[in-house]
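Please open the structure in your viewer and keep the sequence beside it, so that each selection below can be followed step by step.

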Amino acid sequence: MTYKKPVSVLVVIHSPAQEILLIERAAHPGYWQSVTGSQEDDEPLLVTAAREVFEETGIRAAAGALTDWHLSQQYEIFPQWRHRYAPGVTHNTEHVFSLCVPRDTPITLAPDEHRAWRWLPRREAAEACFSWSNRDAILALPQRIAAASGSV
């Protein structure tokens, strides 16, 4: 069995108006989240983020479109997903990115992973997420956008 690497990305996809794209996990109805996924082999994290965005939403992130927040956090892997990791692995390190796209960008879900998608205002999106790290990233979006634009 091939185990997942306990290094992942979280990509907050948002519109220019800071509406957030959330996707619902197919195997866990009611679990809404941003794009997430594990690093494969030694691929650069930016490549992981772009790959996961495409695999989960069908969005091809243009070169330079993803913003690396240079933020990582470690969290305990939920028990229902630990079987995907090598025995004894209980924690994952998540690296945060964001991607701004027009709200009318076509979304194509991977049906084996996700069952629905929706755009929500930032605060509603944060409340809808089951993951604290996803919630915190969504709430931090305005500061990250300001920092990236140099207007802090």
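Begin by selecting leucine 141 in α3, where a kink of about 50° lies shortly before proline 142; the bend at a residue is the angle between axes fitted to the seven residues ending there and the seven starting there. This is a predicted model, in which local features need pLDDT of at least 70 and side-chain atom pairs count only at pLDDT 80 or more, while totals for chains, interfaces and linings use all residues. Residues are numbered from 1 along each chain as its sequence is written, and side-chain values use heavy atoms, with hydrogens and water left out.

Now widen the selection to the whole of helix α3, residues 132–149, which has 18 residues and reaches 26 Å from its first C-alpha to its last, close to the 26 Å expected at 1.5 Å a residue (the expected span is 1.5 Å times one less than the number of residues). Helices (H or I, at least four residues) and strands (E, at least two) are DSSP runs, numbered from the N terminus. Within α3, colour Ser133, Asn134, Ala137, Ile138 and Leu141, which are buried, meaning under 20% relative accessible area with a 1.4 Å probe and protein chains only. Among the elements that cover these buried residues of α3 are β1, β2, β5 and α2. Just after α3, glycine 150 takes a positive phi of about 80°.

Next, select Val11, Ile13, Val53, Ile59 and Leu99, the residues with the most contacts inside the largest nonpolar core, which has 16 residues. Such a core is a set of buried Ala, Val, Leu, Ile, Met, Phe, Trp, Tyr and Cys residues joined through side-chain atoms within 4.5 Å. The strands β1 (7–14), β2 (19–25) and β6 (91–100), together with α1, each supply at least two residues of this core, and the largest share, three residues, comes from β1. A second, separate core of 14 residues includes Ile20, Ala125, Ala137 and Leu141.

Move on to glutamate 52, whose place is in helix α1 (residues 45–57). Is glutamate 52 buried or exposed? Glutamate 52 counts as buried because its relative accessibility is 6%. Leaving aside residues up to four places away in sequence, show Val9, Val35, Thr36, Gly37 and Ser38, which glutamate 52 touches, contact meaning heavy atoms within 4.5 Å.

Terms used
Buried means under 20% relative accessible area, exposed over 50%, partly exposed in between (1.4 Å probe, protein chains only).
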